[in-house]
Amino acid sequence: MSRKLKRTFAATKPVASSRRTFLRSTVGGFLALPFLESLAPSTAHAAPGDKKRLLYWFLPNGFFMPAIIPGDTGTGYTLSPSLSPLAPHRDDLLVVSGLSNYGAIAGGEGHDPGTAAFLSCAATNPDFVQNDISVDQIAANTMVGVTPFASLEASMENGSGVGGCGGAVCGYGSNISWVNTTTPRARSATPTALFNRLFGSLNPSLTPEEQTRQRELRLSVLDRAVGHANELMGKLGSADKQKLDHYLTSVRELETQVDSLSTAVCEPGDPPAEDLDFEPRMQAFTDLIVLALQCDLTRVASFMLGNGATNRSYEHIGIPESHHGLSHHGHDPAIHEKLELIDAWNMQHVVGYVIDKLKTTMDDDGNPLFDSTTLYVGSELADGHYHDNFDMLALVAGNSSALNLGQHISTSAAAVADLHLACLESFGVVETSLGHSGTAPLAGVLK
Amino acid sequence: MRSLLATLMLVGCSGGSPTDDTAPVVGEACAEPQAVMDAYCVQCHSQSSATAGLSLTQIGTVVDVASSQSTLPLITAGSPDDSYLVHKMLGTHGVVGGTGSAMPPPGFDAVPESDSQVFTDWIAAGASCDTQPIDDDLDPLPPWEPVGAPGYVVLRRLNADMVDRTLSDLLLIESHEARARFSGEGEAFGFDNNAGAVNMSLGHIETAEATIDAVLDIALVPPVTIESYRWEMEDPIFSGTGTEVHYGAYPDWYYGIRWYFTATRGGPIQVPYDGEYSFNFASCGQDDAEGNLPELQLLLDGSPTATMVVDDIECTDPTEYMLTDPIYLTAGEHNIELGLANDPTNDDMRLSVDWFQFTGPLDATGTAEPSRANIFVCDPAIDDIDDTDQGDCARDIIEAFLPRAWRRPVTEAEIDSILAMYTESRDSGGDFDEGIRLALKLALLSPHFLFVVELDPDTTDTDPHALNGYEMANRLSYFLWSSMPDDELMAAAEDGSLLTDEGIEAQVNRMLLDPRAQSLVDNLAGQWWGMRLLLGEHTNPDEATFPTFSETLREAMHEEMRLFSEQILLGDRPMSDVLTASDHYVDDELATLYGVTAPSTPFAPTPTTDHEEMGLTGLAGWLTATSKPERTSPVVRGDWVLSNLLCEEPPPPPDDVITVIGEGDNPSSMREQLELHRANPVCASCHDAIDPIGLAYEGFDGIGQARESDAWGNPVDPSGELLGLGEYSNAAEMVGLLEGDPRVGRCMVQKTFIYALGRGTGPHDVPTIQDIEASYLANGGTFAELAVQIALSDAFRMEGPQ
């Protein structure tokens, strides 16, 4: 709360607030701030062919580090055993090792602080909800009014980790995208939910005039609900006011989203099937997120393969034990082997799948989406056995015009936050701080 | 400070790496006692781990602050004898009525007298710490409330379950729409109804809107009346195939169908509802040379559905025909074709159709569904209401709806603000239903519906204020029903009886008899007693290890837990039965698991042999939910009991611990493996409390079956000792010992209190919780009595300053 984010932008082009509501809204001092912040001048992404995208892929439970960190550095690096399934993409990958998430360390280390700080790099408080805005949401704030959805959030799992979260605050372990210090973004936990979020409001059987009329009425309902909240504000205690302010901000964001949802979007295709197994479900999420990029419904998304400390088992590759249980491997070589198998499977089928999808899906300028997309892949920990948030590994891929791909950068305890700042800048947004420790884009990442 | 900590590090629950807390800058006045805290206490009681909810990183912040274990404050300035921390340090905490262990815990060196003297001297001298600054990097802890203060509940959004239950009661439908859309609510203090954790973001408001759209679709479906739907053949949606003759002299409708080649005329039609429809058409025809009459064939979606002979009639005056049998149609688009059924070689035959119509659905009653009738106190779809009077009808509908939706009386201005949405819709060309629908949508998307709003009558007043009757009605209904107040509760709010002890008690007892009180089983027991844990994807018994486990068995286990919880919460049973009851409810599969004969009626109460007198923890569902996929986990079971039945949540394990058990060639028994890790004093500090509880359950495998030997063939030994409580030979005896621990009784109250209020507890709540415990035990100790005593407390009836 006391942190001051200084925000500047690579290029500025004012985005006009397109709706009367925003101009005539009367809200008191502190209430107006989050919203005005989100209306801040955006970057000049809107020109066709100049769109940048930013994706975050979260793989829980850390990695088995000896098998995943490449042995050599620089452009001549050799893929490690766990990364070898990504061989077709070797020259399109940037492997960064030796990273520290100082926010997670200050927050007490482990799965929950690590997951909550995955994108915020801030220290969480175990007694009451306290994190900070996450890097994807900083990017999303520049997209308000530019794309219908400022960002998408999806997760393969609901709720929080096993047996509660070891403290008063749950939820740290299941949320990586945070709007502000206290509020995580609600996630779509099934492909169907994500599909409905993206395409549910379209009714192609109506005439364009009728669609416009109905959209206006929908906006009016939201606008009047804001009026109710504004009236209520003066009759509440101070803590209640903050809570209601989250409501106000959210309804206004929805207004912006509805307002910019054009009737002419690309074909959504069939809704995904219900009750999909693990791999097809992951693929359905990926397909929808890539489709949303292609249709320019959004340019920012985060995806969680599971909650931090997930107990998911990889039965489909013959590993019935809980992934979290295995991650505390106790230096047992038999378990190391299983962890390596899980990491390699995730690289091939999760990371490989989204990279392939981005490479084979074309943007409206005819280039693969991959060329304009920064994909960040990481975990909440380094080695699950130690619960450490230092010596961590992250992968960055895509967006070749901005990123120095095809190399392994081995850092000496560089801040993850600085890598995030570099990725953010590759998206076109320049920040000078993030969370607990980010100060400047990590050297060597940007071209 | 950090170097002192490193050299004096004797106490540790979180071992491993140095503590992450930035050490506060300590003012001179309390530097010495702070150093004692830092040396012996802070590694567990740090700001970030705050074991047992206590942080001692800034000793000045706990002066004259209540303890969660005792009626004594943690530190009473000027009086060491009245300072609970001193008693904890000296081991005399039990003498002054406190609970828990002496500190530092068993297995660690006690604080040397020279150091404890520093601490007591400082307290005796006034416990001054006024120069202690707050470190900038540490956010301040929430301000403590005065001891015994009612506290406050922050503006509480209805969680997904409450939204569904409220919409179901409000709209007379069965809504699952919110639960289907919200992807998990925030939880705190063990429940997902916590006002602070149930948050609000763009995604939540999108989800709320989608939910409201969906329920209004269900609730407002227009009444179905029998209508005729007529199509003229000249409508451009129809076209002909084969040879079609249009006689120039006749009007446009006169589309003849001459049979020569296969010829039909048809196209798509829309059918509004499922049901039986009668079919009529107007036609004329011309017979052939032999006097054979033309026959009309009706094809629906390509299949012949009916034929009918048409008379030889001049086409200036077509005749109307009707099929004798009605036709069943589903709602939606159908392709209809009309053609000649006669011999295709017959060249002379002529047939022409003017129009056709379907009438139905024939079973339509013309009355609205109960959900619509409930909202539409007047309905232009049924009643004859002029356009000019429809505005009045809309107002009547909103006047009746709004106080129910907002669960309080509403003002004229509030009704106007909703009616304005209706008017806007009508002005833009919408019909009556659309206007009402949008007005209702606004009412439901408004913060007055989505939140439990408790107004602050005077935001400048720093004293707690009493809730009004309607606010009490809402607190009671969301506690006991997870839903809105019913008419009777609203009446009790209006006549003031909810502001009296008798009125509250009468309503609580009435509400617990209502079917809506099942929400307590689903939500309170569901979360507290591990039922949701059983259904969650983390409970995943391995097929190879437990071949008898199946999804139907999991459901049966859940049903048994549900029936057990219902007995405790809604039956006339003491709450302590949770710990020691012998209730079992089994079907065939569960009977096999328990090794007993199945009852003739599934889930009838059934005595078991090995699972008696263990209460909740004797249920197969609980034993399964607290196991790992392939084996039991005494640590998970012990931790669960401590956290949920004693309200003593152990801190998370330190870094670099080995939690993998049973790997390698020749694993020793679980007991031996756990003893090994307790040899490490850092582990022992918590596991001395966890493991003896969990090991008592080793007589039951990962799906709750009684067993003599463990997964590795070692004989099971379920005996042990609970520190300070005595020795036990099996789980039932261990549970019996636990019953004697005062923390268990306290925990029952605390958990229910947290759920009832939707907020966590702090030190200021200790006297309130103690009072509630004493009163409900004196009155029979049932859940009903506990609910009454909670509802009668100031914490429930008042709201403190924020």
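**Exercise 1. Aromatic pairs**

Determine how many aromatic pairs there are over all chains of this predicted model, and classify the pair formed by the rings of F58(A) and F118(A).

*Solution.* Step 1: the count over all chains comes to 28 aromatic pairs.
Step 2: the ring centres of F58(A) and F118(A) lie 4.9 Å apart, with 75° between their planes. Planes over 60 degrees apart count as edge-to-face, so this pair is edge-to-face.
Step 3: F58(A) belongs to strand 2 (residues 53-58) of chain A, whereas F118(A) lies in the loop between helix 4 (111-116) and helix 5 (135-141) of chain A. The pair thus links distant parts of the chain, 60 residues apart.
Step 4: both F58(A) and F118(A) are buried.

**Exercise 2. An aromatic pair in chain B**

Describe the geometry of the pair W231(B) and F358(B), and state which aromatic cluster contains these residues.

*Solution.* Step 1: the centres are 6.4 Å apart and the planes stand at 75°, an edge-to-face arrangement.
Step 2: W231(B) is in strand 2 (residues 227-232) and F358(B) in strand 13 (residues 350-360) of chain B, so the pair ties together parts 127 residues apart in sequence.
Step 3: buried means under 20% relative accessible area. W231(B), at 13% relative accessibility, counts as buried, and so does F358(B), at 2%.
Step 4: the cluster is formed by W231(B), Y277(B), F279(B), F281(B), Y321(B), F356(B) and F358(B).

**Exercise 3. Charges over rings**

Identify the ring over which K359(A) lies and the ring over which the charged end of R372(B) sits.

*Solution.* Step 1: K359(A) lies over the face of F370(A), 5.1 Å from the ring centre.
Step 2: the charged end of R372(B) sits over the ring of F376(B), at 3.9 Å from its centre.

**Exercise 4. Packing of two helices**

Characterise the packing of helix 10 (residues 412-427) and helix 11 (residues 432-445) of chain B.

*Solution.* Step 1: the axes are 8 Å apart and form an angle of about 145°.
Step 2: the crossing of helix 10 and helix 11 of chain B is right-handed.
Step 3: helix 10 contributes S417(B), I418(B), M421(B), Y422(B), S425(B) and R426(B); among the residues they meet in helix 11 are F432(B), E434(B), L438(B) and L442(B).
Step 4: by class, this contact has nine nonpolar, three polar and two charged residues.

**Exercise 5. An enclosed helix**

Explain why helix 28 (residues 783-792) of chain B is largely enclosed by the rest of the structure.

*Solution.* Step 1: the buried residues of helix 28 of chain B include F783(B), E785(B), Q789(B) and L792(B).
Step 2: nine of the 10 residues of helix 28 of chain B are buried, so the helix is largely enclosed.

Conventions. Residues are numbered from 1 along each chain as its sequence is written. Chains are lettered from A and ligands numbered from 1 in the order in which they are written. This is a predicted model: local features need pLDDT of at least 70, side-chain atom pairs count only at pLDDT 80 or more; totals for chains, interfaces and linings use all residues. Side-chain values use heavy atoms; hydrogens and water are left out. Buried means under 20% relative accessible area, exposed over 50%, partly exposed in between (1.4 Å probe, protein chains only). Helices (H or I, at least four residues) and strands (E, at least two) are DSSP runs, numbered from the N terminus. Axes are lines fitted to C-alpha atoms, for helices over the stretch in contact, and angles run from 0 to 180 degrees between N-to-C directions. A crossing is left-handed if the near helix is turned anticlockwise from the far one by less than a right angle, and right-handed if clockwise. Contact means heavy atoms within 4.5 Å. Ala, Val, Leu, Ile, Met, Phe, Trp, Tyr, Cys and Pro count as nonpolar, Asp, Glu, Lys and Arg as charged, and the others, Gly among them, as polar. Rings of Phe, Tyr and Trp (its six-membered ring) pair if their centres lie within 6.5 Å; planes under 30 degrees apart count as stacked, over 60 as edge-to-face and the rest as tilted. A charge sits over a ring if NZ of Lys or CZ of Arg is within 6 Å of the ring centre and within 35 degrees of the ring normal.
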